[in-house]
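Notebook open. I wanted to see how the parts of this chain sit against each other.

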Amino acid sequence: MAIVYEKQGQGEHVFTLHTEHSTYQMKVDGHGYLLHLYYGGKVSGCMDYLLTYYDRGFSGNPAAAGLDRTYSLDTLPQEYPALGTGDFRSSALAVCNGDGSQCCDLKYAGHEVRKGKYGLKGLPAVYAEQGEAETLEIRLRDRVSGVEVALLYGVLEGEDIITRSAVIKNGAGTGITVEKALSGCLDFVAGEYDLIGFHGRHAMERNFQRTAIVHGNQVIGSRRGTSSHQYNPAVIVAEKGAGEDNGSCYGMMFVYSGNFMCEAEMDQFGQTRVMMGLQSEYFRYPLEPGEELVLPEVILGHTDRGLGKLSRMFHGLIRNHICRGKYAGQARPVLLNSWEAAYFDFNADTIVRLAESAAQLGIDMVVMDDGWFGKREDDNSGLGDWQVNERKLGCTLGEMIERVNGCGVKFGIWVEPEMVSEDSDLYREHPDWALKVPGREPVRGRNQLVLDFSREDVREFIFDRICSVLEQGNIEYLKWDMNRSLADVYSARSVQGKVTYDYMVGLYDFLEKLTAKYPDLLIEGCSGGGGRFDAGMLYYTPQIWCSDNTDAVDRLRIQYGTSFLYPISAVGSHVSAVPNHQTGRMTSLHTRGVVAMAGTFGYELDPGKLTDREKEEVKEQVARFKGYADLVREGDYYRLSDPFRDSCGAWMFVSRDGAKALVNVVMLEVHGNMPVTYVRLKGLKPEAVYEDAESRRRYSGAALMNAGLPMPLRMGEYPAYQMELNEVRLS
Ligand code: GLA
């Protein structure tokens, strides 16, 4: 039993959630408040002895406590702290009642334990087989206003994962406004913690940042309408001293692709609170009597075995309980994308030429990126006009796809459905379909506006257009792009304050319909590269273009940060031309190949410009990747270095049974008379003997993990090494 319920005397209830290696516990106390007792390594028994009660000045006492001055919600750990109850720390919930008061005094009103994992109406969420998960629903209620909150907990015992969400219902007789509604709160009564976040910018996403959680409030988040390049909606709370392979750490990942916030705070007594949920700016969600607001899910994971283990827990969870559809657990096609090969300058012959090269090189699919529709010779016009520009292509889309398929190559296409250019027929016809504030000129981003996806009529129109393109031929892949932030958050049709949330629910509705209609279509998410790289999108698109930066050295760092949270199977990664188009840097084709193989793998260049020797190398690379594809996609991933600080970027994949491994190293520094870099391996079986597939040299697992391997000293910048190790079966 993953969920254990225990009634404890007068009105007291203890709820314990056990996973294989962790325990999460909470308790409804005699006053009816739901207190958090514990989250961490597996324990037994009731942890309420951790709660302490002292008369603390200026920490108020709720009426329920009578004259007891030692009972205060300002000092006790809580499951779902609400504004207006005498807890002066940041709250998870802020409600404005019909009378204008801002109070929601939530007390226990019932609970239910169910087999299986709960789902969330209109939102992506972790899924599981009936036997793999259990659900706990705890209902809380404010007696005066009638506002109800159903807290949802999903327990995936075998995955060491707990999920949280909540549904807020207006049980009052008048309208209320939800002003802040976070999904998950973790209160720690003791300990010193660091907050690890992943910040970035366009073309340099998910940089690792570790800072101490100190007194005061540290807030990260997005108010861009997307999860954003700038802050990823996932954090790690690590105990001081916890490192890659040791120590206690907690992951908090938001299953949502829009505005979010994460607040971390150390309170006056050194207690820590970390919360994750919807961004409260641009958010004032009105609920009429009887209406509900479903909050997106937060995934929680704990391990006492360090950041590497936490990453592998998240990787497994996302692969097996977030990503869906035919491709979730299958080899992905190796792609050749036209973007950096041709940008807007192509016709059908160009695409067919790419397909011919792809066929020769063993590449599975050609993707026609931006520029095939409407009037779209650059990025200033045409978005919204999803009609094939047959004049530009020189034939119909169907004819072109037949030629591509005729080469033995699959075909994929790029779209950006959420957008509209002012210079487009769609905008001229429906200027009110874009998000705009009345009486104001909208903010432009990449010279385009955002369509109001909170409106069903807008979505339906675009859906029909996209489907009519998909019907024109054998299209097996769709790159779903989104190239600006939402600024003018105002819908001509919706109640303001709802728009950012309803936009996301609208987008998810669109994607749900699309994936249902085209179950065999592989969709790759994208937002100027990795601006919407989150678990919400991964529910619909099992891979996401990781960054618009294809420079191998920058990618090492971008992919390193990404790997803390998301599986390698989700990371769109391609080999591009040199000098690199984003940085001008030169790296060898081999190095670019090794880096791109830590992802879905593909090419983003014109093979026609390669020398014959390079073509041979690409052919060999593609074949090599295909040999490793299962190991890369499904294997356990280990970070062997920190490319922000170390002299190399190094990582490895190990098969589940520990019998096969692929080690990857890219040297980042070159100096005269340089010291040797040793890379220590991980995840192998210490007692096993492994053979290097190339040199045939044998090593014990223990030797490789304890002493490591010396990297050769080579002239030139950024040499890369890839080593396949196979366990030798000694009879
Ligand atoms: C975004 C994507 C790129 C490419 C362009 C096309 O920037 O991230 O990969 O598709 O749009 O305009």
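First I wrote down my rule: a salt bridge is a side-chain nitrogen of Lys or Arg within 4 Å of a carboxyl oxygen of Asp or Glu. This is a predicted model, where local features need pLDDT of at least 70, side-chain atom pairs count only at pLDDT 80 or more, and totals for chains, interfaces and linings use all residues. Residues are numbered from 1 along each chain as its sequence is written, and side-chain values use heavy atoms, with hydrogens and water left out.

I looked up the domains (bounds from an automatic or database domain assignment) and got domain 1 (3–321), domain 2 (335–628) and domain 3 (648–727).

How many salt bridges cross the interface of domain 2 and domain 3? The rule finds 0. I did get 5 residue pairs in polar contact there, both residues at pLDDT 80 or more. Polar contact means a pair of N or O atoms within 3.5 Å; within protein, one must be able to donate a hydrogen and the other to accept it, and residues adjacent in sequence count only if both atoms are side-chain atoms.

On the domain 2 side, helix 10 (552–563), helix 11 (589–596) and helix 12 each give two or more residues. Helix 11 has the largest share, with 4 residues. I take helices as DSSP runs of H or I, at least four residues, and strands as runs of E, at least two, numbered from the N terminus.

Next I checked buried area, the accessible area (1.4 Å probe) that two parts lose on being put together, summed over both. Domain 2 and domain 3 bury about 1200 Å², 67% of it on carbon and sulfur atoms.
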